[in-house]
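Hello,

Here is the structure for you to look over. My notes on it follow below.

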Amino acid sequence: MKLLHIDSSISGQNSVTRGLTRKIVVARFSRTLGTLIASGSLDHTVRLWDAGTGHPVGAPIPATDALLMGLAFSPDGLRLLSTGEDKIARLWDSVHGGKPIELKGHDKPIIAAAFDPSGMVVLTGSEDGTARRWAVLDGHLFTIYKGLGKKVTAVDFRPDNGAVLTGSD
């Protein structure tokens, strides 16, 4: 599939977004900016889309040289976190673009990511069996959670107090 189908219940119309060169592997709505969508595809790019028009917002972002595996918007929609097979999570400014903050430390692909309720901390989960908490502003590593299983396949924060949740196989 080389198309991103957007079913807009707001306008009551369906729109199909064109312009991708490879299959989409991950897509997320911004929870705050509900008309903004991020997609990651097999061409190793992240694209932002206007859900109302189906048109791209800006140029594709060359996100990685490896397979993209995850995307997460910050609660305010101003930042985007991408993860992938290259073992690096990247924090992007979803409004102004620019060079991302790179979060390095995992030994295997990063397959899960989430922002805490404040948007100031992110959590990544990896095939290396660890989850890691990072500062959004500078990429500082706060905590490494070990012994969680073979692969950490899901991560999240509790909405009311930021407690960490992980899932593994």
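Start at Gly70, which stands opposite Thr83 in β8. Five bridges join β7 to β8 (residues 79–84), and the two run antiparallel. Strands here are DSSP runs (E, at least two residues), numbered from the N terminus. Two of them pair if DSSP finds at least two bridges between them.

A word on the source: this is a predicted model, where local features need pLDDT of at least 70, side-chain atom pairs count only at pLDDT 80 or more, and totals for chains, interfaces and linings use all residues. Residues are numbered from 1 along each chain as its sequence is written, and side-chain values use heavy atoms, with hydrogens and water left out.

**Sheet.** β7 and β8 belong to an open sheet of four strands, in the order β7-β8-β9-β10, with antiparallel pairing. β7 and β10 (101–104) are the edge strands, each pairing on one side only.

**Core.** The largest nonpolar core has 11 residues, including Val26, Leu68, Phe73 and Trp92. Such a core is a set of buried Ala, Val, Leu, Ile, Met, Phe, Trp, Tyr and Cys residues joined through side-chain atoms within 4.5 Å. Buried means under 20% relative accessible area, exposed over 50%, partly exposed in between (1.4 Å probe, protein chains only). β7 gives the most, with three. Apart from it lies another core of 10 residues, among them Leu81 and Ile110.

**Arg28.** This residue is found in β3 (residues 24–29). Arg28 is partly exposed, at 39% relative accessible area. Leaving out residues up to four places away in sequence, Arg28 touches Leu36, Ile37, Ala38, Leu71 and Phe73 (contact: heavy atoms within 4.5 Å). The C-alpha atoms of Arg28 and Phe73 are separated by 7.6 Å, though the two are 45 residues apart along the chain.

**Salt bridges.** The structure holds five. The criterion is a side-chain nitrogen of Lys or Arg within 4 Å of a carboxyl oxygen of Asp or Glu. Arg90 pairs with Glu102, the closest N and O atoms being 3.4 Å apart. Arg90 lies in β9 (residues 88–93) and Glu102 in β10, so the pair ties together parts 12 residues apart in sequence. Arg90 is buried at 9% relative accessibility; Glu102 is partly exposed at 35%. Glu102 also meets Lys104 (3.4 Å, N to O), and Lys104 is exposed at 54%. Asp86, Arg90, Glu102 and Lys104 are linked in a network. Elsewhere, Asp128 and Arg132 form a salt bridge (4.0 Å, N to O).

Best wishes
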